[in-house]
Amino acid sequence: MIRSFLAVAAVVLAVVLLLTSSGARPKATGDSLARAAVAAAASPANAYAAVPVGVALTRTGRGFWVAEANGDVIPEGDAVFYGDPASVNLAGPITSIVATPSGHGYWLLEGNGGVFSYGDAHFYSSAAAAGGLEPNQPTLDMVSTATGNGYWLVSRDGGVWSFGGAAFHGSARPLHPPSAIVGMAATPGGGYWEVARNGGIYSFGAAFHGSAGPLDPKTPIVGMAATPDGGGYWEVERNGGIYSFGDAVFHGSAATAPLPAPAIGVVSTANGGGYWVVLANGTVRSFGNATPLPSAGLVSSAFSLVGEIITVDPGHNGGNRYDPSYINQLVWNGREYETCDTTGTETAAGYTEAAFNFDVGTRLATILRSFGASVVMTRTNNTGVGPCVNVRAAIGNNAGSDADLFIHADGGPPGGRGFTVLLPVADGPNDGVIGSSLQLGLDVRSEFGPGTGEPVSDYYGVDGLQPRDDLGGLNLTTVPKILIECANMTNPTDAALTENPAWRQLAASSLERGLSLFLTGVA
Ligand SMILES: [Zn+2]
């Protein structure tokens, strides 16, 4: 209810801004912005960073609006600024922007289902007001009816909300899609499709014309667009690849050369004779009769993590040492029995690993959330006991995590230092995620060293990697998961680093870059 009120208030604010604003907005000068600085520069009004999440084209095709997770709307070309919720204390990241059919306004979608309306866009209610969102399943896309007299919202798990003149024809949610829903498109007649990361298309009141699913896309599908007559659609892949179905014509793809940023969507031209592929740095690539548009001033150095579910698992817990009977209970770890948890190590000065793990994990969660990710923590303080390693794995599994990071520091030989990535070994439960976990480990390794200055371990593993088949957290995972020993707390050099909050911040931002590299293909 609060969100719908805010959205109405935003309309009023938009009118005020229309009367007072010149339409100009400051632009990010991206190249000079380090990724960590982007996260640190989250909007003063909310927790989200200035990372592009969507682009809407003007009716002329000679301009576009870029929406950012923090609510900024940045007009390019002939796009007019009608207002934005950047000064609102958002309840979730902004996830999408949709222009009205006239081009004289736009809606912004918030991850918690809220809708903000500007210009001639009408507010018809929102999923935040209607209810029904599941935890960690944000609303990711929104489509207007052909006349703009209503709209549909779709959530990551396939739920659909329809408002105004938009009719409800069903949703993919009851089908429990095995792959996250990332977008939707509608026909002029009021039917619609949902598209999943694996390329699958779900049709409701609209004809099915085929899907990219059987073609086994190399990278995830990130969005779709319908032709103006609703007789077909395009799917776009993260690497810029385009798949055409029905009367949608293939006019080329952005996948022929490496992109500077992952693709995040596709937009049809007014007559369907071309399309723009939208990139995560807020620029577009033009195909067919789509007007070539300059990159303009907006090039973000950091990319949105909207729609990604990440479990952050800070190892041990501050209370473990006081409850040996609890942490010494035996739990099945997928291969053998193992103790529930352990106390962890500490530095010579008494700074505990549990405190280090929790501090880095908390810093990491803040950065990930600022980029729009849904973050699940296996523990939310450093004063409790456990949870046991099998429960930690279950938390990440049950959340349907796209990645799960088990954060530790080592208690190795005092003469050795460095970090090590521990990798799962196939044992049955984790068989499906051995390859993806290895990739996650390689991506984290490639970012953690350069980002923190920490060398790979000189006493453990090979080149910073060590397979382990005796850890419940890795044996029982059904989602990509690794364990990182960030440093050796018994080594004086490494101990000083772990005791330094500035280094822990570097560790967190480096882990975020590794996760982003894994999840988006770009660090
Ligand atoms: Zn540990």
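1. N136 is partly exposed, because 19 other C-beta atoms lie within 10 Å of its own, and a residue counts as buried at 20 or more. In this predicted model, N136 sits in the loop between α3 (127-130) and β7 (139-144), and its phi is near 65°, a positive value in a residue other than glycine. Most residues other than glycine have a negative phi, and most peptide bonds are trans.

2. Is H176 buried or exposed? H176 is exposed, because there are 8 other C-beta atoms within 10 Å, and the limit for that class is 12 or fewer.

3. A further backbone feature to inspect is the peptide bond from G386 to P387, which is cis, with omega near 0°. P387 belongs to the loop between β22 (374-377) and α6 (389-398).

4. Helix α7 (residues 434-452) has 19 residues, and the distance from its first C-alpha to its last is 26 Å, close to the 27 Å expected at 1.5 Å a residue. After α7 comes G453, whose phi is positive, near 80°.

5. Which residues touch the most other members of the largest nonpolar core? They are W65, Y106 and W152, in a core of 143 residues. The largest share of this core, seven residues, comes from α10, and the core draws at least three residues from each of domain 1 (2-288) and domain 2 (309-520). Leaving aside residues up to four places away in sequence, Y106 touches A56, W65, Y82, I97, V98, A99, T100, Y118, G119 and A121, so W65 is among the contacts of Y106. In soluble globular proteins, nonpolar side chains tend to be buried together.

6. The domain assignment of the chain gives domain 1 (2-288) and domain 2 (309-520), and the C-alpha centres of the two domains lie 34 Å apart. The contact between them takes 15 residues from domain 1 and 12 residues from domain 2. On the side of domain 1 that touches domain 2, the largest share, three residues, comes from helix α2 (residues 35-40). By class, that side of domain 1 has 13 nonpolar residues, one polar residue and one charged residue.

7. For the chain as a whole, there are 10 helices and 26 strands. The radius of gyration is 24 Å, close to the 24 Å that the globule rule gives for 523 residues, so the chain is as compact as a globular protein of that length. Taken along the principal axes, the C-alpha atoms fill a box of roughly 65 × 45 × 45 Å. Of the 523 residues, 58% count as buried, and among contacts between residues at least 6 apart in sequence, 61% join residues at least 24 apart.

Note on methods: Residues are numbered from 1 along each chain as its sequence is written. This is a predicted model: local features need pLDDT of at least 70, side-chain atom pairs count only at pLDDT 80 or more; totals for chains, interfaces and linings use all residues. Domain bounds come from an automatic or database domain assignment. Two residues are in contact if their C-beta atoms, placed from the backbone, lie within 7 Å. Helices (H or I, at least four residues) and strands (E, at least two) are DSSP runs, numbered from the N terminus. Ala, Val, Leu, Ile, Met, Phe, Trp, Tyr, Cys and Pro count as nonpolar, Asp, Glu, Lys and Arg as charged, and the others, Gly among them, as polar. The expected span of a helix is 1.5 Å times one less than its number of residues. A nonpolar core is a set of buried Ala, Val, Leu, Ile, Met, Phe, Trp, Tyr and Cys residues joined through C-beta atoms within 7 Å. The radius of gyration is taken over C-alpha atoms; the globule rule is 2.2 Å times the number of residues to the power 0.38.
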